[in-house]
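Here are some notes to read alongside the model, for anyone opening it for the first time.

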Protein chains: 2
Amino acid sequence: MKRILVDMDGVLTDVYTRFFELYEKETGLRKTMEELIGLKEGEAFPELFRWVETPGFFRTMPVMSESQRVLKLLNEAYEIIVISMATEFPVSLTDKQLWLNDNFPFISWKQVVFCGDKSLISADMMIDDHFKNLDNFDGETIMFIQPHNMNDTCHHHKTVTLWTDLEKLLLHH
Amino acid sequence: MKRILVDMDGVLTDVYTRFFELYEKETGLRKTMEELIGLKEGEAFPELFRWVETPGFFRTMPVMSESQRVLKLLNEAYEIIVISMATEFPVSLTDKQLWLNDNFPFISWKQVVFCGDKSLISADMMIDDHFKNLDNFDGETIMFIQPHNMNDTCHHHKTVTLWTDLEKLLLHH
């Protein structure tokens, strides 16, 4: 059975929706998606470095549209490992596991990895929104499109913009 | 550089010292090490299933004697990955990373893995106190002796009882 590494932030969690909300709450201003294209998350929202250290920030993240339904199907056809580069932010760790338990109850704690270096885990496929993870991965790579990775020209990874794209690509091919 | 997986509980953390303290605090009785030999941790201390769910339980764990000094030396000679089966207990995750940051500041967050299945991580050597982890590992195995693993007869792993044993074995051979 093929092992697939599935990233959390920007793939299972709809981080930008939360970024927009928090930014508006703190400043009264609303950013547009267009002005963020090609900017790293921390360039688009410098507040992020404070937010990620705040208990609860990851606990209530919005779930990426259709990800629950499609990941449940993938979990029956593949060995799914949910993986997050989270050890840099200690307070995020408990919040992230509780969030997974709530929103993806079919993903056992045995299928979760929190680490600081994804290259430690061997697998057949990686679904991620960051080049730094995909570029160093040996197997098949699928980039989940998010504002920060939209303008990059070296797209040698397969790309998807929605979980329904993943459904077509990985289940209905 | 050889990669070594170093377990936390019962290897870096002196869990039994804490178990004895908490048990005495709650019951007024003091158990002896002798009466626990060969018993699983949860058989020796059924209270453990409640303790591991309590925020702060892992935050203030005693550090295993000499582990800080010896792991610092090992960290210069090997690629050290500290790994803990912690995703089963969400509240433990933040406490464990903060504890590592405090007590092993030379171990970067990039060298830490929290997971539910150690076989996901490939390495050359594993230092652990549990047969379930060592028996399924492909590389060299070193069992850290703790009361729960003392009576087992199928010791096909190298065994150590102290961090100074690891120092001799891995640095002064």
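1. Leaving aside residues up to four places away in sequence, Leu5(A) touches Ile81(A), Ile83(A), Lys118(A), Ile121(A), Ala123(A), Met126(A) and Ile127(A). Bear in mind while you look that this is a predicted model. Leu5(A) itself sits in strand S1 of chain A, residues 3-7. Is Leu5(A) buried or exposed? Leu5(A) counts as buried, because 24 other C-beta atoms lie within 10 Å and the cut-off for buried is 20 or more.

2. Now zoom out to the chain. Chain A has 7 helices and 6 strands, and read along the sequence they come in the order β-α-α-α-α-β-α-β-β-α-β-β-α. The radius of gyration of chain A is 16 Å, close to the 16 Å from the globule rule for 173 residues, so chain A is as compact as a globular protein of that length. Along the principal axes, the C-alpha atoms of chain A fill a box of roughly 50 × 35 × 30 Å.

3. A couple of percentages go with that picture. Of the 173 residues in chain A, 39% are buried. If you take the contacts in chain A with a separation of 6 or more, 67% of them are between residues 24 or more positions apart.

4. Over to chain B, and a helix to look at end-on. Which residues of helix H4 of chain B (residues 67-77) are buried? They are Ser67(B), Val70(B), Leu71(B) and Leu74(B). Viewed down the axis of H4(B), these buried residues fall within an arc of 95°, so they line one face of the helix. The face of H4(B) turned away from the buried side carries the exposed residues Arg69(B) and Glu76(B). As for what covers the buried residues of H4(B), the list includes strand S1 (3-7), strand S2 (79-85) and helix H7 (163-171) of chain B.

5. Glu66(A) has a positive phi of about 70° although it is not a glycine. For context, most residues other than glycine have a negative phi. Glu66(A) lies in the loop between helix H3 (48-51) and helix H4 (67-77) of chain A, and Glu66(A) counts as partly exposed because it has 14 C-beta neighbours inside 10 Å. In chain B, the phi of Glu66(B) is near 70°, again a positive value in a residue other than glycine. Glu66(B) is found in the loop between helix H3 (48-51) and H4 of chain B, and Glu66(B) is partly exposed, with 14 other C-beta atoms within 10 Å.

6. Next, a run of parallel strands. Strand S5 of chain B (residues 140-144) is mostly covered, with 4 of its 5 residues buried. Strand S4 of chain B (residues 125-128) runs parallel to S5(B) and is joined to it by 4 bridges; there, Met126(B) stands opposite Thr141(B). S5(B) is also joined to strand S6 of chain B (residues 158-160), again parallel, by 3 bridges. In that pairing, Phe144(B) has Val160(B) in S6(B) as its bridge partner.

7. How do the two chains relate? A rotation of 180° with 0.0 Å of shift along its axis superposes chain B on chain A, with an RMSD of 0.0 Å. That is the relation of a two-fold axis. The same surface serves both copies, since 100% of the contact residues of chain B recur in chain A.

8. Finally, the contact itself. It takes 23 residues from chain B and 23 residues from chain A. On the side of chain B that touches chain A, the elements giving two or more residues are helix H5 (90-103) and strand S3 (112-115) of chain B. H5(B) gives the largest share, 7 residues. By type, that side of chain B divides into 12 nonpolar, 8 polar and 3 charged residues. Strand S3 of chain A (residues 112-115) pairs with S3(B) in the antiparallel sense over 3 bridges, and Phe114(A) stands opposite Phe114(B).

Key
Residues numbered from 1 in each chain as written. Chains lettered and ligands numbered in written order. Predicted model: local features only at pLDDT ≥ 70, side-chain atom pairs only at ≥ 80, totals over all residues. Least-squares fit on C-alpha atoms with pLDDT ≥ 70 in both. Contact = placed C-beta atoms within 7 Å. Nonpolar A, V, L, I, M, F, W, Y, C, P; charged D, E, K, R; others polar. Pairing = 2+ DSSP bridges. Rg over C-alpha atoms; globule rule 2.2 N^0.38 Å. Buried ≥ 20, exposed ≤ 12 C-beta atoms within 10 Å, placed from the backbone. Arc of directions from axis to C-beta.
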